[in-house]
Amino acid sequence: MMELRGLRKWAIFIALALTLVWGMTFAFSSVKAASGNDYYVALNGDDSNSGSLEQPWRTIQKAANTMVA
């Protein structure tokens, strides 16, 4: 009887683990990367720049005003 209880506990543990793995796989497989632009802000930037890595903006406010949800 004791052996059956131990086997039952392992079966439940394995079933829960597989359910968790399956659920996480499903959840993460449906997440897609956002498509959009990358913008940069730097202390040596200028808000009249394009916001690129080579020409960063100076302020976060400029970036916030440019972003679209």
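What follows is a chat about the predicted model shown above.

Visitor: Okay, how many helices and strands are in the chain?

Guide: In this predicted model, the chain has two helices and zero strands. Helix α1 covers residues 2-29, helix α2 covers residues 60-66, and a loop lies between α1 and α2.

Visitor: And how much of the chain counts as buried?

Guide: The chain has 69 residues, and 7% of them count as buried. As for its accessible surface, the total comes to about 6400 Å², and carbon and sulfur atoms account for 65% of that area.

Visitor: Switching to the surface, which residues form the nonpolar patch?

Guide: The patch is formed by Trp 10, Phe 13, Ile 14 and Leu 18, which together have about 480 Å² of accessible area. One of these residues, Trp 10, counts as exposed because its relative accessibility is 56%, which is over the 50% cut-off.

Visitor: Where do Trp 10 and Phe 13 lie?

Guide: Both Trp 10 and Phe 13 lie in helix α1, where they are three residues apart, or about one turn of the helix.

Visitor: How many aromatic pairs are there?

Guide: The count comes to two aromatic pairs. Trp 10 and Phe 13 form an edge-to-face pair, with 5.7 Å from centre to centre and 90° between the planes. Tyr 39 and Trp 57 form a stacked pair, because their ring centres are 4.9 Å apart and their planes stand at 20°, which is under the 30 degrees required for stacking.

Visitor: So which parts of the chain does the Tyr 39 and Trp 57 pair link?

Guide: The pair links distant parts of the chain, and although Tyr 39 and Trp 57 are 18 residues apart, each of them lies in the loop between α1 and α2.

Visitor: Is Trp 57 buried or exposed?

Guide: Trp 57 has a relative accessibility of 2%, so it counts as buried, the cut-off being under 20%.

Visitor: New topic: what does Thr 59 touch?

Guide: Leaving aside residues up to four places away in sequence, Thr 59 touches Val 41 and Asp 47. With Asp 47 there is a polar contact from side chain to side chain, at 2.8 Å, and the side chain of Thr 59 also reaches the backbone nitrogen of Lys 62, at 3.2 Å.

Visitor: Where is Thr 59 placed, and how accessible is it?

Guide: Thr 59 is in the loop between α1 and α2, and it counts as partly exposed because its relative accessibility is 28%. From C-alpha to C-alpha, Thr 59 and Leu 43 are 7.9 Å apart in space, while in sequence they are 16 residues apart.

Visitor: And Ile 60, is that one buried or exposed?

Guide: Ile 60, whose place is in helix α2, has a relative accessible area of 65%, so it is exposed. The C-alpha atoms of Ile 60 and Asp 47 are separated by 9.3 Å, and these two residues are 13 residues apart along the chain.

Technical notes:
Residues numbered from 1 in each chain as written. Predicted model: local features only at pLDDT ≥ 70, side-chain atom pairs only at ≥ 80, totals over all residues. Heavy atoms only, no water. Helix = DSSP H or I, 4+ residues; strand = E, 2+ residues; numbered from the N terminus. Buried < 20%, exposed > 50% of the residue type's maximum accessible area, 1.4 Å probe, protein only. Areas by Shrake-Rupley, 256 points an atom, 1.4 Å probe, with all protein chains shown as cover. Patch = residues over 30% accessible without salt bridge, like charges linked within 9 Å, V, L, I, M, F, W, Y side chains within 5 Å. Salt bridge = Lys/Arg side-chain N within 4 Å of Asp/Glu carboxyl O. Phe/Tyr/Trp six-rings, centres within 6.5 Å; stacked < 30°, edge-to-face > 60°. Contact = heavy atoms within 4.5 Å. Polar contact = N/O pair within 3.5 Å; in protein donor to acceptor, adjacent residues only side chain to side chain.
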